[in-house]
Amino acid sequence: MAKNLTILGATGTIGVNTLDVVARNPEKFRVIALTGQNQIDKLAQQCRQFQPRYAVVLEPDKANALQTLLAGTATEVLAGMEALEFVCALPEVDTVMAAIVGAAGLRPALAAARAGKRVLLANKETLVMAGRFFMEAVREHGAILLPIDSEHNAIFQSLPANYDGDPARHGVRRILLTASGGPFRTRAVETLEAVTPEEAVAHPNWVMGKKISVDSASMMNKGLEVIEAHWLFNARPEQIEVVIHPQSIVHSMVEYLDGSVLAQLSNPDMRTPIAHSLAYPERVEAGVNWLDLAKLGTLTFEAPDFARFPCLKLAYQALATGGAATAILNAANEVAVAAFLDRHIPYLGIAASLENVLGRLTGLPAGSLEDLMAADAAARREAQMWVDRESRVARR
Ligand code: NAD
Ligand code: MG
């Protein structure tokens, strides 16, 4: 029986890789809904190729444009956040790939969890913002959660198949989360001030969307992933250790009480974790190059330098603070990264603004999803004020 998919964020890097794996296994997967935001031509082309029942965009004018491009096809075009939630909960859909970038991905991912779907979670922001509520929804509604983030997918594969969220019961001592160290791992710290957006998005090993590429350069991505691992595997912050591994071959590891360390290795190609989760517990072809260890020769590891990567430290601190702190961190980071990409603040302004916003807003309530949404909004306002102030100062 083919699995029926909704792919949120189909036009993005993860979405495109997902469709590539689907196209290689047409008898195993059927696309029911595709969603996108701005790239209407690309979404239309995907719809012509995969013939989903629904295509969803956020804005009505984009929906009209898409409708025109899809005239004469069987795909129905819908618009808005409710439509995104609707295609996550369709009875005929069993699997939802949650690959929207940023906080916008939370509501649809939550809708999929509440509908008891298999949720393939790429959107780490969902867990960073609202990990407690999302994991509760997964448990309460019997959803199956499979991590797409390569590190978390590696951890998932290195944990026992019956892992139930209790590290002690399974003899798990630590999670070793690997990080490439990004493009600035060895750059002189004094020159980080002058980093340009082009330099920050040029990742040595992975091709990704712009936002996550900047997050990889600052290691905020790893910070968000520490928080993600905390919620996914119920590990305490001090049980999650970041190890820099520049070759991006070992995607993460689990250390057990007897000293065993289990790892998942593969070439850095997101189609591996995507294919793993799409087919789980089976395996399908992903189109990736086979790993040639003899040709690689050397795999190296080093400890991260918190002075070089202050964002990583801020993420650990936010996780330790708990409550709304990680939602605040995530929202302020989205604003700061966008401002950096638009050249309104320098690279080092990202960490500086986060520190400022976290300092001002810690202590906001986090007792409900609405509280966290409000904390997210407050952090965006505060971060935007910081950005506006800085860019005024810079122009003078
Ligand atoms: P991307 O920028 O390439 O694509 C984002 C997708 O989301 C696009 O389809 C876009 O149309 C859609 N989108 C953006 N804003 C939206 C909004 N407000 N409402 C609805 N749709 C919107 O991003 P990506 O690299 O594919 O990453 C997607 C998610 O996966 C992110 O959360 C990222 O952290 C995570 N992730 C990505 C990678 C990777 O290798 N690219 C690895 C691990 C995790
Ligand atoms: Mg990752």
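**View 1. Polar contacts of ligand 1.** A polar side-chain atom of E125 lies 2.8 Å from an oxygen atom of ligand 1. The model is predicted, so local features need pLDDT of at least 70 and side-chain atom pairs count only at pLDDT 80 or more, while totals for chains, interfaces and linings use all residues; side-chain values use heavy atoms, without hydrogens and water. Residues are numbered from 1 along each chain as its sequence is written, with chains lettered from A and ligands numbered from 1 in the order in which they are written. Backbone atoms take part too: a polar one of G12 is 3.0 Å from an oxygen atom of ligand 1, and a polar one of G209 is 3.1 Å from an oxygen atom of the ligand. A polar contact here is a pair of N or O atoms within 3.5 Å.

View 2. Of the 22 residues around the ligand (a heavy atom within 4 Å), T11, T13, I14, Q37 and E125 come nearest.

**View 3. The sheet β9-β8-β10-β11.** In that order, 4 strands form an open sheet with mixed pairing. Strands are DSSP runs of E with at least two residues, and helices are runs of H or I with at least four, numbered from the N terminus; two strands pair if DSSP finds at least two bridges between them. β9 (240-244) and β11 (261-265) each have a single partner strand, so one side of each is left without a neighbour in the sheet. Neighbouring strands are turned by 20° against each other on average, direction ignored.

**View 4. Helix α10 on the sheet.** Helix α10 (residues 220-233) touches β8 (172-179) and β9, with contact meaning heavy atoms within 4.5 Å. The direction of α10 makes about 150° with that of β8; axes are lines fitted to C-alpha atoms, for helices over the stretch in contact, and angles between N-to-C directions run from 0 to 180 degrees.

**View 5. The hairpin of β10 and β11.** Strand β10 (residues 250-256) runs antiparallel to β11 and is joined to it by 5 bridges. V250 has L265 of β11 as its bridge partner. Between the strands are 4 residues, and G259 in this hairpin takes a positive phi near 95°.

Key:
Polar contact = N/O pair within 3.5 Å; in protein donor to acceptor, adjacent residues only side chain to side chain.
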